[in-house]
Amino acid sequence: MKERNNPIPEDIVYPFSGIPTFLRSKLVTELGDLEKLNPTIAVMGVPFDEGCPYMPGSRFGSRTIREHSLRFSRNGYYDYELKKILLKEELSRGRIVDIGDVNVIPTDVEGTFHRITQMVETVMKKNRMLITLGGDHSITYPIVRGISQPIHVIHFDAHSDFAPIYDGYQYTNMHAFRHISQMPHVKSLTQIGIRSIRDTSVLDSIAAGNRVVGMDEYREIGPKNIAQVVPEGEPCYVTIDIDAFDSTLVPGCVSAEPGGFLYNELRDSLGAIAERNPIVGYEMVEVAPQLDVGTGITSYLAAQTVIEFLGRICEQPWWKEKYKNNRETEAVTFQSSIENKV
Ligand SMILES: [Mn+2]
């Protein structure tokens, strides 16, 4: 019988096998390794849903979004509008790393939030872009406070998450943007897709001076022009609640609402923002896989949204300029590793 090669982990290409890191990027759990590899993109999970007063479950979202990311190729993907393969270089040169999950402390919300902020600070210190896979939307507060540079926050959601604070009720997924809107380094907060009629706290957000764009206004502006809500060229942080999508698209989300974004609308909006503004980080939250249908279509949608936004970001001149030193260093490393093999 012909002897077969024993497959080594690098050869695994099937979505159902191997350890699920995001897009099968290298898992980095030691700070020293992060410094050594010097990636341009770090992906972290925050498996935390204690900010969910109604129905929890999004703590399992970080993992399922990673799992569904394995269904996409390690060699990049074809962008039908740009008519080219995107993310090929980032994936082949190891510029994306998965830094694992924040080590949450069950029932200690402030302790967990502290660890989230610490992890954000570690990533941001070297000017890397941070992608976060939630978790519920309460995590955006400790994430944004960990970003020290001035930013505009762009928030896609069906809800304003601007609930009033009382009697210690302050850290839920309905509170994040009340905290964020007061932070000195947050130059503006724009909330897009807000449409839930379950509460009126959106009025507080408008009164606080934030820009709130409902779905009718969004459709008047259009996906390609929505990026003009922030000044061109200024750094942005983008937060995406999966319930920004129309409820028909997201069975695995407890807070799904009718009348939301179609996939192409949100994808094109994110692409337009990437073209006009440097992105310091972005996140996908509120995927609750246990509520999902068997195919995991909500986690899949989340993974694809994260991947396509990343693909568009890495195509931009501002991105190529920002990381041109990484490109040169890595090109040399790549070249010498070929030479070593010869
Ligand atoms: Mn929401």
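Predicted model: local features only at pLDDT ≥ 70, side-chain atom pairs only at ≥ 80, totals over all residues.
Strand β2 (residues 41-46) has six of its six residues buried, so the strand is largely enclosed by the rest of the structure. In a regular strand, side chains alternate between the two faces of the sheet. Both faces of β2 are covered, with I41, V43 and G45 buried on one side and A42, M44 and V46 buried on the other. Strand β2 pairs with two strands considered here. With strand β5 (residues 96-101) the pairing is in the parallel sense, over four bridges, and the bridge partner of A42 in β5 is V97. Strand β6 (residues 129-134) also runs parallel to β2 and is joined to β2 by six bridges; within β6, T132 stands opposite M44.

The chain as a whole contains 12 helices and 11 strands. Its radius of gyration is 20 Å, close to the 20 Å given by the globule rule for 342 residues, so the chain is as compact as a globular protein of that length. The C-alpha trace spans about 70 × 45 × 40 Å along its principal axes. Of the 342 residues, 47% count as buried. Among contacts between residues at least 6 apart in sequence, 75% join residues at least 24 apart.

Note on methods
Residues numbered from 1 in each chain as written. Rg over C-alpha atoms; globule rule 2.2 N^0.38 Å. Buried ≥ 20, exposed ≤ 12 C-beta atoms within 10 Å, placed from the backbone. Contact = placed C-beta atoms within 7 Å. Pairing = 2+ DSSP bridges.
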